[in-house]
Amino acid sequence: MAERTCLVVLLAAGEGTRMRSAKPKVLHAVGGRAMVCHAAEATLRAGATRLAVVIGPNATDVAKAVRAVAPDAETFEQYERLGTAHAVLQARAAIAQGADDVMVVFGDTPLLRPETLSRVRIRLADNADVVVLGFETDEPAGYGRLLVKDGQLIAIREERDATDEERQVKFCNAGIMAFRGEHVLDLLDAIGNANAKGEYYLTDAVEVARARGLTVVAEVGEESEFLGVNTRAQLAQCEAVFQDRMRRAALAAGVTLVAPETVTFAHDTVLAADVTVEPHVVFAAGVMVEGGATIRAFSHLEGAVVRAGAIVGPYARLRPGADIGADAHIGNFVEIKAARVETGAKVNHLTYIGDAIIGAKANIGAGTITCNYDGFGKYQTVIGAGAFIGSNSALVAPVSVGAGAIVGAGSVITADVPADALAVTRATQQTVDDAAPRLRAKYKARKDAAKP
């Protein structure tokens, strides 16, 4: 398909009214990514060479989101809502530049597969003039029916206008259409608005095209691909389908998911073969896990890399910039942010490591904190290979602990510690024999005196 140019008109002017949201509908996320970005990505992977996005008035946030996926996308504002054909014609200037294929895709269809769009383009390359996407369903009520005869799409029949026989048809309209570029503007301009709403419907292009003797066909996709979103419930339904896809793909790629239904993926999660993921793990955006690593239960990862053979969790949190080295251990109730933990290092429990480098095979004791923020700036802590940081230590950045050094438990380290040195900052312990009973009696008397 590379030799054919393709313009995609992406309709993204929907509001969030029925979702009870001030945010434009298409910016609501599935798999941690705006729905419109999913749709745009699918068209690019299907070979789109240009993207024209129709947005609502002043919807600069929608345009910005799309350009993160397609930097060269053009945007066109739709000020009046006069139907889908009217929306497409807002991109007239882009269409008039010419393209072999022109596809119309909706911004609230985050589950659309590139493979399906590619099949549509193949039909255009095989001399179809108009291609309509549809799906087979056992519950067609409410959908327009695609009526096909001898391989040709005869009509799109809305349910209210269908005969009893036509209502038995299970091939339904998905709304997505594609045109041979040389015909598209003539067809759209010929669509009238002689309907109850006085709107211009894209589906009427089928009737116009057939009246002109053009070839109109239907292509089939999976029903789940065309789930649109108008409510929070439908958004949750799309999320569920997306997560099921991601889980199935991970299992097929050799990942062990101990309880697949409890693992949450982002759109860009990358798990290598032989990764093991225990129950109730959340992968937010930007996570890559190499082979042989284990992510234990109830961990949350975002913007992080986990190298081969590492163990993370249970109950660990990896924040953006966390880079966990091969065979490193990140244990329960440990938070890592903007830090590199090198090969074989251990940060096993109750610890915060932020803006740091932890050397190979270093051991970080429970309760250790890198004090990286003074209210104004962030500063780095560097811990050398093989260093040992005792429990309940605070490392006040910027500071370094040399290779092989030991920091005694309970220390507050404010100055650099040389390699192989011992640093201890505890106060001298004082012990008073037999003082505990007297102290308890004193506290009890104070409490009794305070009673009414």
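A residue counts as exposed when its relative accessible area is over 50%, and as buried when that value is under 20%. Keep those two cut-offs in mind as we walk through this model, which is a predicted one.

Asp434 lies in the loop between strand 33 (422-423) and helix 9 (435-450). Its relative accessibility is 64%, so Asp434 counts as exposed. As background, most residues other than glycine have a negative phi, and most peptide bonds are trans.

From phi we can turn to omega. Gly313 and Pro314 are joined by a cis peptide bond with omega about 5°, and Pro314 belongs to the loop between strand 20 (311-312) and strand 21 (317-318). A cis bond also links Ala397 to Pro398, this time with omega about 0°. Pro398 has its place in the loop between strand 29 (394-396) and strand 30 (399-401).

Now let's move to helix 7, which spans residues 204-211. Here Ala205, Val206, Val208 and Ala209 are buried. These four cover an arc of only 165° around the axis, and therefore lie on the same side of helix 7. What covers the buried residues? The cover includes strand 7 (130-136), strand 9 (152-157), strand 10 (171-180), helix 6 (184-189) and strand 11 (216-221). After helix 7 comes Gly213, with a positive phi near 80°.

Cys6 is in no disulfide, and the nearest cysteine sulfur, belonging to Cys37, is 18 Å away. Cys6 has a relative accessible area of 0%, so it is buried. Cys172 is likewise in no disulfide, with the nearest cysteine sulfur, that of Cys238, 17 Å away. Cys172 is buried too, at a relative accessible area of 0%.

Our last stop is empty space. Rolling a probe the size of a water molecule over the atoms shows where such space is left. The second largest pocket holds about 440 Å³. Its lining is made up of 17 residues, and those closest to its centre are His38, Arg45, Phe242, Arg245 and Met246. Which elements give two or more residues to this lining? They are helix 1 (35-45), helix 5 (114-125) and helix 8 (232-252). By type, the lining of the second largest pocket divides into eight nonpolar, three polar and six charged residues.

Notes: Residues numbered from 1 in each chain as written. Predicted model: local features only at pLDDT ≥ 70, side-chain atom pairs only at ≥ 80, totals over all residues. Heavy atoms only, no water. Disulfide = S-S within 2.5 Å. Buried < 20%, exposed > 50% of the residue type's maximum accessible area, 1.4 Å probe, protein only. Arc of directions from axis to C-beta. Contact = heavy atoms within 4.5 Å. 1 Å grid on protein atoms, 1.4 Å probe; cavity = no way out; pocket = protein on both sides within 12 Å on 5 of 7 lines; lining within 4 Å. Points joined across faces, edges and corners; volume = space filled by probe spheres on them. Nonpolar A, V, L, I, M, F, W, Y, C, P; charged D, E, K, R; others polar.
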